[in-house]
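Here are a few notes to read alongside the structure. They go point by point and can be checked one at a time.

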Amino acid sequence: MRFNQTNYNDGLTSLTWETLFVGVFRANQVIANVPNIEMDETLKKRVIAEAKFLRALFYFNLTLYFGNPPLLLTPSQPTDVPPNATTAEAYAQVAKDLNEAIPDLPLSYSGDDLGRATRGAAYALLGKTHLQQKQYQLAFNAFDWLITGPGAAIYRLTTNYRDNFIISRENNEESIFEIQFNENQAENTDDDVDESRVNNTGTSISQFFAPPGVGFSDGGARRWLIDEFLQEQTTTGQRDPRLAASLIYNFTNPAGPQATMVYGRSFADRYGNGPDANGVWFRKLLNDHWKDQEGFRSPNNYRLIRFADVLLMQAECLNGLNRTSDAYPLVDRVRQRAGLAPLSVAKPGLNQTQFLTQLKHERIVELAGEGWRWADLLRWGDLGPALASRDADFTNFEVGKHELYPIPQRDIDLNPNLKQNPRY
């Protein structure tokens, strides 16, 4: 992202808008039509609740990235020309859908139903929705269901951090909502709207994120991120294990480039002193733990919301409520899983401002490469050209503009009630 987009109909921002509204349309079809179907009433309520959860998820992302999306809550018609909602109105609809879904969602699933929305997933997304608006008490109430309420018997941290990103530990005890993938060798399209073809039920993320010689290297990390992990050692004097689980670079193995393996070859052998010798790549969504290559049909699930994320968000809520001392134990749980000293020992007595600064670091090292960084920076008010000191792309960032994506121009041309985001 270099903040220099000029064609508002092309590129990932336009495709993001389009794809999310396809999801909204499908959810609306279920919500509108399933009530009229003769079927088991309990199952009917669950299906409608799942659709409301998904509509909430789509609108959460539309609001996060575009700020003021139109609210389409019934099956779309060609004559529809809805106006922009405000950000508050859009998030309020997300919360409404989730609160309506929660009573009819089960606590868990098994077998082929793994991956469907659970009550815990709805509470976690509800908490995220309120936290993004700094509604700390409402967010706290939602997260508390997972931490001290019925969810406490369901969710906990895995013993091994790396287990959250490998195919042999999918849908584990830490996973709250996980997007399911599997490998379909017969697939011939990524376009799931085209029902005449065989859809790809895997994900191409790993092909795009894998380092050169394996993938397209489209999602490389910055080297400042390594330094975040190296700020502290474990209580036994070792490196934070989350570094090797999160990033591939010349010292993923502390012994160096000769010992660091990149899909079956050493880092030194692959990159030597060439242009990629100082490269850094996100590892969590890759398949290097079981393959020597990538492709466009990875079966590795995407862990969208983890319990560790919930613990850190709840700590942020408590700190926002001026209950900083109560927030320490939540951060301690996440740090101790990584082998670090509890924060209550390492940095006791932080005030509210100091604790938030520390929490920003804790979220970086726990969640790097998992897709929540933009939401964090936006919520904290940290987006801006000052970030260019670590990421040169932010040199072009314009405050009051680039916090939001542009709405696709084709939609504005078709809908006279739809307004473009500021300064585009």
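Which helices each supply at least two residues of the lining of the second largest pocket?

1. α1 (12-33) and α15 (409-414) each supply at least two lining residues of that pocket. Helices here are DSSP runs of H or I with at least four residues, and strands are runs of E with at least two, numbered from the N terminus. α1 gives the most to the lining, with 7 residues.

2. This is a predicted model, in which local features need pLDDT of at least 70, side-chain atom pairs count only at pLDDT 80 or more, and totals for chains, interfaces and linings use all residues. Residues are numbered from 1 along each chain as its sequence is written, and side-chain values use heavy atoms, with hydrogens and water left out.

3. The second largest pocket has a volume of about 640 Å³. Of its 21 lining residues, Trp 17, Phe 21, Leu 72, Ser 76 and Asp 411 are the closest to its centre. A pocket is an open set of points on a 1 Å grid over the protein atoms alone, where a 1.4 Å probe fits, with protein on both sides within 12 Å along at least five of seven lines; lining residues have an atom within 4 Å of a point. The volume is the space filled by probe spheres set on the points, which are joined across faces, edges and corners.

4. By class, the lining of this pocket has 12 nonpolar, 4 polar and 5 charged residues. Nonpolar covers Ala, Val, Leu, Ile, Met, Phe, Trp, Tyr, Cys and Pro; charged covers Asp, Glu, Lys and Arg; the others, Gly among them, count as polar.

5. Helix α14 (residues 373-380) is largely enclosed by the rest of the structure, because 6 of its 8 residues are buried. Buried means under 20% relative accessible area, exposed over 50%, and partly exposed in between (1.4 Å probe, protein chains only). The buried residues of α14 pack against α2 (41-66), α4 (119-132), α10 (307-320) and α13 (352-367). Just after α14, Gly 381 takes a positive phi of about 75 degrees.

6. Most residues other than glycine have a negative phi. Asn 171, in the loop between α5 (136-147) and β1 (175-179), has a positive phi of about 55 degrees. Ser 217, in the loop between α6 (205-209) and α7 (224-229), has a positive phi of about 60 degrees.

7. Ile 147 lies in helix α5 and counts as buried at 12% relative accessibility. Among the residues that Ile 147 touches are Phe 307, Leu 330 and Arg 333; contact means heavy atoms within 4.5 Å.

Notes: Lists of a residue's contacts leave out its neighbours within four places in sequence.
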